[in-house]
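Hi everyone, and thanks for coming along. Please have the model up on your screens, and we will walk through it together.

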2 protein chains.
Amino acid sequence: MTTIDRFSSLGIENAPGQQSAGHPTHEAASILVDFSHGDVDAFPPPPGAIEAFHEAFVAGAGRAYSRYRGHSDLLEATAGKIAEFTGAPVDPARNLMITPGTQGGLFLALAALVNPGDKVAIIEPDYFANRKTVTFLQGEVLPVPLDFADASSPGRIDLEKLQDAARAGAKVLVFSNPNNPTGVIYSRDHLEEITAIAEEYGTFVVADQLYSRLIYPGRSFVHLRSSGIASDLCLTLMGPSKTESMSGFRTGVAVGPASILKRMEQILAIHSLRTAGYNQAVLKVWFEEPDGWLDQRIRDHQEILHHMVSLIGKADGARVRPTEGGSYLFPELPPLSISVLELCDLLRTKYGVIVTPGTEFGPQFRSNIRLNFSQDRQRAIEAGEIIAQFVQDHVR
Amino acid sequence: MTTIDRFSSLGIENAPGQQSAGHPTHEAASILVDFSHGDVDAFPPPPGAIEAFHEAFVAGAGRAYSRYRGHSDLLEATAGKIAEFTGAPVDPARNLMITPGTQGGLFLALAALVNPGDKVAIIEPDYFANRKTVTFLQGEVLPVPLDFADASSPGRIDLEKLQDAARAGAKVLVFSNPNNPTGVIYSRDHLEEITAIAEEYGTFVVADQLYSRLIYPGRSFVHLRSSGIASDLCLTLMGPSKTESMSGFRTGVAVGPASILKRMEQILAIHSLRTAGYNQAVLKVWFEEPDGWLDQRIRDHQEILHHMVSLIGKADGARVRPTEGGSYLFPELPPLSISVLELCDLLRTKYGVIVTPGTEFGPQFRSNIRLNFSQDRQRAIEAGEIIAQFVQDHVR
């Protein structure tokens with residue numbers, strides 16, 4: 001693979017957060033809603049985050065530097081919370097590391113697992129960095145479709161395709177749960193079916209559960225690591241960047257086998273040495289939110305979700321599957337007189353509404369857009385009406 | 001290369017900051033001095049750093065997320081400072097990015113430049129991550145020795161070996177200046193000799209100038225980027241982590257050709273998305289320290305340097321080249337009855353003095369240790385006396 005090929009597959013022009021790059025007024029008022037990521041003004045971090053950071057800064061030397069995998073006391077304090085939340089034990093000395101955001105954890109995990117030429121099963125649609133990271137590492141992507149079109153059925157990946165990939169030698173399966181961009185949650189039964197294939201072929205499973213605390217009422221969430229899979233075959237990524245709005249601190253965690261974490265720590269040493277020493281302290285307030293804080297956050301998101309589903313559903317032929325977990329919607333638009341990239345461009349330049357083209361989540365999603373609806377409610381509704389009308393006006 | 005081979009070359013057990021990992025009391029008082037990195041209690045960050053961070057946090061959404069390469073206003077404000085300091089223009093829109101620490105910048109730069117099988121010229125001794133990162137990227141390391149033994153002569157790399165490496169197809173040369181671990185500064189003439197070879201063979205040069213603001217009186221420092229090299233052949237890494245003690249924020253910058261920065265930004269998207277949004281704000285206080293702050297910092301370090309050189313020089317047969325820039329010493333110890341790894345272990349476990357074995361900087365430095373003397377003066381002196389006595393007691 002030439003340098004040009006290698007980097008052309010890593011395009012970021014339309015990646016979330018980048019579309020506004022050519023737009024000098026991005027950080028000014030002309031953006032109505034940036035649906036490419038959540039709005040931490042509308043949903044601020046829980047109390048105590050900045051205080052924990054400040055305390056670490058004042059404490060000085062002992063907090064500026066840590067072992068690459070993180071401060072021991074924070075690993076210890078966090079292990080118990082993660083064990084309780086995920087329903088399986090976590091040894092803080094062996095099975096946990098603090099990562100530079102959940103994205104940093106994903107990179108480290110895949111870099112520890114994927115050698116050039118290795119095959120990796122990737123769900124489509126799924127988080128854009130899964131595919132890009134495997135490509136960067138010169139692994140081979142084996143796509144496995146997720147069936148999410150019928151909103152009345154549980155989302156399911158194509159198990160036959162997964163089995164084909166495993167049989168072809170896929171060393172790793174990586175997927176997000178709740179799924180980014182569709183908001184699908186994998187059921188216990190479905191996780192068990194996936195696990196059975198992974199165990200039969202020895203495929204290592206990386207689960208990105210960044211959104212696993214934002215689960216809507218009536219849905220249940222099962223953690224891969226307590227779903228029956230062998231503990232040496234799975235690694236879980238989480239962090240307080242989304243539900244808890246702490247993305248600006250770039251701090252997450254990885255939970256998995258000691259041997260893989262050891263490799264991840266070796267890579268972290270050259271990747272960026274460690275998660276910023278003071279930033280690690282925000283893990284203190286994670287899972288320690290005031291009573292009712294998380295419930296309120298879920299209710300608030302659910303309300304925006306209802307509005308967005310009904311607004312975008314108004315456009316003739318648009319199909320919107322309601323989100324089960326997380327704050328993404330991935331509507332399929334009807335055939336339009338313009339491409340989805342042109343649509344994204346026009347929404348941005350004419351109305352200050354930024355959405356992410358579906359093609360970031362798999363090349364075939366040329367009729368989808370992704371919206372992160374963790375936004376100010378009124379502005380999200382206004383932008384939702386604009387999107388629906390704009391789509392309606394361009395139906396072919 | 002198998003997975004095992006690949007990771008065995010990335011050992012971190014003796015890397016700076018890690019030696020205390022097996023030492024449960026590390027973060028307690030039993031450590032007298034940790035010479036593996038600087039002490040930010042002895043040398044705190046300049047005023048305003050935590051305030052800039054806090055302000056960014058309070059500002060909220062606009063500062064939590066940025067383009068991958070960093071907030072536009074910070075790129076603009078920083079470009080002028082870097083241009084003035086380095087003596088060559090910096091276009092903030094094309095030639096500058098904010099990186100997750102200088103280490104993060106190093107990883108991104110090498111990942112953007114080195115494909116599997118590519119040859120990379122590496123100075124020995126030099127910063128341990130240069131070699132490890134190239135190995136991780138499956139490049140081939142071509143070592144080029146630095147002659148620093150004679151303290152009365154300027155440090156010089158072996159130009160014949162560099163020429164051999166360039167002729168053999170080295171795509172990249174990466175080096176630190178001031179050199180980590182020896183504190184050697186490359187003279188203007190020597191930089192021009194290096195540049196002539198790089199330009200003849202089209203070798204791209206990455207200069208890690210992390211310590212370029214801590215230059216001792218009587219020494220002059222020339223920036224590679226204004227030493228006459230073609231601007232499309234060089235990239236400079238800097239950051240406020242060392243002289244300015246802001247390592248706990250993991251923020252640095254890379255200055256280089258637009259085409260390379262574009263690739264680095266593509267990799268940053270999967271590496272960790274961006275330098276933590278709020279942390280980027282500490283660049284506001286960089287190069288804006290109060291009058292006299294930097295001079296005082298240099299004087300304080302120079303005083304400790306004098307003490308350390310004379311203390312460690314006391315051990316029979318020890319050779320210590322005084323540091324020209326930065327806060328590292330790399331003494332060569334006389335033949336001992338124990339290995340340098342045993343020495344490091346015993347110093348740590350018996351006296352709470354942590355030093356880094358020379359082998360982290362090149363496999364041949366089995367008689368050297370590295371000390372970062374950016375420490376509390378009294379404790380550094382006490383530890384220096386311990387080291388000298390311990391070495392003396394174990395001379396073969």
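Let me start with a term: a polar contact is a pair of N or O atoms within 3.5 Å; within protein, one must be able to donate a hydrogen and the other to accept it, and residues adjacent in sequence count only if both atoms are side-chain atoms. With that rule, 12 residue pairs are in polar contact across the interface of chain B and chain A, both residues being at pLDDT 80 or more.

Now the ground rules. This is a predicted model, where local features need pLDDT of at least 70, side-chain atom pairs count only at pLDDT 80 or more, and totals for chains, interfaces and linings use all residues. Residues are numbered from 1 along each chain as its sequence is written, chains are lettered from A and ligands numbered from 1 in the order in which they are written, and side-chain values use heavy atoms, with hydrogens and water left out.

Back to the interface. How many residues does each chain bring to the contact? Chain B gives 74 residues and chain A gives 74 residues, where contact means heavy atoms within 4.5 Å. Between them the two chains bury about 6,000 Å², with 61% of it on carbon and sulfur atoms. Buried area here is the accessible area (1.4 Å probe) that two parts lose on being put together, summed over both.

Which elements of chain B take part? Those giving two or more residues to the side that touches chain A include α1 (3-8), α4 (72-86) and α9 (258-271) of chain B. Of these, α9(B) gives the most, with 8 residues. Helices (H or I, at least four residues) and strands (E, at least two) are DSSP runs, numbered from the N terminus.

How many salt bridges are there between chain B and chain A? The count is 0, a salt bridge being a side-chain nitrogen of Lys or Arg within 4 Å of a carboxyl oxygen of Asp or Glu. Over all chains, though, a search of the whole structure finds 31. One to look at is R213(A) with E289(A), whose closest N and O atoms are 2.8 Å apart. R213(A) sits in the loop between β7 (204-208) and β8 (234-238) of chain A, and E289(A) in the loop between α9 (258-271) and α10 (293-313) of chain A, so the pair ties together parts that are 76 residues apart in sequence.

Next, the sheets of chain B. Eight strands form an open sheet in the order β2-β9-β8-β7-β6-β3-β4-β5, with mixed pairing. Its edge strands are β2 (96-99) and β5 (156-157) of chain B, each pairing on one side only. Two strands pair if DSSP finds at least two bridges between them. Within this sheet, β7 and β8 of chain B pair in the parallel sense over 4 bridges, and A207(B) stands opposite T236(B) in β8(B). There is also an open sheet of 3 strands, β10-β13-β12 of chain B, with antiparallel pairing.

Finally, some backbone details. In chain A, the peptide bond from E124(A) to P125(A) is cis, with omega near 5°, and P125(A) lies in the loop between β3 (119-124) and α6 (128-136) of chain A. The bond from N177(A) to P178(A) is cis too, with omega near -5°. Over in chain B, R250(B) has phi near 45°, a positive value in a residue other than glycine.
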